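Reader: Please take a close look at one part of this structure for me. I care about the place where the two chains meet.

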Amino acid sequence: MRARLAGALAPVLVLMPAPAFAAALEGEAQRQPINWVAIAMFVAFVGLTLWITKAAAARTRTASDFYTAGGGISGFQNGLAMAGDYMSAASFLGISAQIFTDGYDGLIYSTGFLVGWPILLFLMAERLRNLGRFTFADVASYRFAQPPVRSFAAVSTLLVVSFYLIAQMVGAGQLIKLLFGLPYAVAVVIVGALMMLYVLFGGMRATTWVQIIKAVLLLGGASFMALMVLAQFGFSLEALFARAVAVKSAAAQAAGATPADAAAKGRAIMAPGGFIKDPVSAISFGLALMLGTAGLPHILMRFFTVPDAKEARKSVLWATGWIGYFYILTFIIGFGAIILVGTDAGYKMADGTLRGGGNMAAIHLAHAVGGNAFLGFISAVAFATILAVVAGLTLSAASAVSHDLYATVLKQGRANSADELRVSRITTLALGALAVLLGLVFEKQNVAFMVSLAFALAASGNFPVLILSLLWSGCTTRGAAWGGTIGLLTAFVLTLLSPAVWTTTFGLGPAPFPYSSAAIFSVPAGFIAIWLISRLDRSPRAAVDKAGYPAQRVRAETGIGAFAASDH
Amino acid sequence: MTQEAGRTDEALIAAVGADPRYIELVARRARLGWWLSAIIFAAFVGYLTLIAFDKALLGMPIGDGVTSIGIPIGLGLILLAIALTGLYVAYANRHHDAQMAAILKDHGA
């Protein structure tokens, strides 16, 4: 039962940026014939982004340029870039595939991924911008002793980013094998090399533009597909759903079901299916998605690229709008695929499964509605998406090392900008090399748990530290640093003990921790630990921390003394 | 390095922080933020609870069609998230910013 639950929840992870998608692909990612149209489209995208990187490189001189594009990104642009960071190949291919097989369940994931954004806006966005400069640690450590809180934030960033990054690399390799017909290792090396180029030379400015272009291409491509699908049904959702139900019923009947059973199977795509079994897992998983969003370092970092709190606010509105719109499109695309792909023998293998694996539903639909050229376009966009996400992740990890660990903890704020930049570039190179290496090592591994872990860690460590340091005057250095660490560790350990890792990955038998998501325990653990340790903290530093709250609050609320758009 | 940026602002910060209009505005803004967070949080957790406990309800067709109640609820949650962020941004742009700017101006910021 528990193992079955883990299996049932595994597709959930598909939602999260590319990694889980990779897991779903494992073992079934056969190489396809080389797809020249897709490769041409992809080369065009890469050419364009490298050209932008070159232009950005010419304008990247200071640390502020490198980390935050000089703070000169507008709310609209930043909103698109945030959406770009969030709308991964996995949410596109994974959710539409989920709808293609199970119908309604895909929508549950979409809502989970969206609801974190309003909370991020209401409680954090403006305050983040007013207090922060380069990394979210600037905010979390604002009134605290720098070394402990910065070290916590840097370690947490590196952990979250690493799990995400490995999974992205594996996803990229698997995807490229499917879409372009190139070998896995070649794909991983291409992704690693391009990501290093964007970050090394163009910094945040180039990374932002890569995200924006990718977001526009993805939104445009998905809009076209959804329109083409709806046009076939007179723009009536009811007609679309009715046809999809009929297709599923007919398929069930053809597979030998009685007419009554077949009708029930058809209607089942209109209701939640087996994906959430017990309430604890359901709520826990929802919490990780919702609160993890507000703790992801590469998303938080985007708040410092805009000039002021007002633009930060607009960024979230645009991001929420685009992401929500995208998920609605994906829903239509999934149902379109049931009808246009599910009934076309040309997209299937002899045994009735989709050519290229279950996650190819949207890719086949692209072919069905737009022919080979559009298929190439969508394939290229799917791959470009991974590149963009990986670049954003790398930049946030490099910043944590150079700005938080090197400049603030090691050099105690006395590092010069040039040295700091050098450290971040060395870190980028190291991370790029490491990402490629791990991508190759983990090729055959189940990486789904790494993504769920990244979200759970962000929700249990970063989120409580940020919220309590921003909103609770009683929070102290010790509370933030140690409480945050306890939240992180709880999420980490419980995930290791969960069925997905303990049973499925390591084969150690029944899992000691029965739920597939740790968040319902680890998020409160983080909050309570910070609260308790702060309350018990009688150190001299605690008095300083608490005394610093009123001034921090005024700055957070008003923007007095906030770092300006350009500090040079 | 974060702390040194506005050391000269200390007097200003103390003055603004003590201004009753500032205190009132910040409290109002916080209330709005918490209320909206509570709404979206409750809506989502309620949705998950419904899925966990009563799948059949969400699967009930609307009228004579095949479209189930779950569809407008799920899509509605997405639209609610967008609408609430829009509401907050519109309110902040229209009211909070102007009031805060006026308060800061009076203190010579």
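**Where chain A meets chain B**

Author: In this predicted model, A:Lys310 and B:Asp97 form a salt bridge, with 3.8 Å between the closest N and O atoms. Three salt bridges are found across the interface of chain A and chain B. Polar contacts cross it too: nine residue pairs, both partners at pLDDT 80 or more.

Which helices of chain A supply the side that touches chain B? Several do, each with at least two residues; among them are H7 (105-114), H8 (116-131), H10 (146-179) and H24 (549-558). H16 (309-340) is another. The largest share, ten residues, comes from H16(A).

Now the extent. On chain A, 60 residues are in contact with 54 residues of chain B. The area buried between the two chains is about 5,100 Å². Carbon and sulfur atoms give 74% of that area. Three residues stand out: A:Phe122, A:Arg313 and A:Ile560 supply 13% of the area that chain A buries against chain B, more than any other three residues.

H17 is also among the helices that supply at least two residues to this side of chain A. Look at one ring pair there. Over all chains, the count of aromatic pairs is 25. In one of them, the ring centres of A:Phe42 and A:Phe383 are 4.4 Å apart and the planes lie at 50 degrees, so the pair is tilted. A:Phe42 lies in H3 (residues 36-58) and A:Phe383 in H17 (residues 361-410), so the pair ties together parts 341 residues apart in sequence. A:Phe42 counts as buried, at 9% relative accessibility. A:Phe383 is buried as well, at 0%.

Conventions. Residues numbered from 1 in each chain as written. Chains lettered and ligands numbered in written order. Predicted model: local features only at pLDDT ≥ 70, side-chain atom pairs only at ≥ 80, totals over all residues. Heavy atoms only, no water. Phe/Tyr/Trp six-rings, centres within 6.5 Å; stacked < 30°, edge-to-face > 60°. Helix = DSSP H or I, 4+ residues; strand = E, 2+ residues; numbered from the N terminus. Buried < 20%, exposed > 50% of the residue type's maximum accessible area, 1.4 Å probe, protein only. Contact = heavy atoms within 4.5 Å. Buried area = accessible area lost by both parts, 1.4 Å probe. Salt bridge = Lys/Arg side-chain N within 4 Å of Asp/Glu carboxyl O. Polar contact = N/O pair within 3.5 Å; in protein donor to acceptor, adjacent residues only side chain to side chain.
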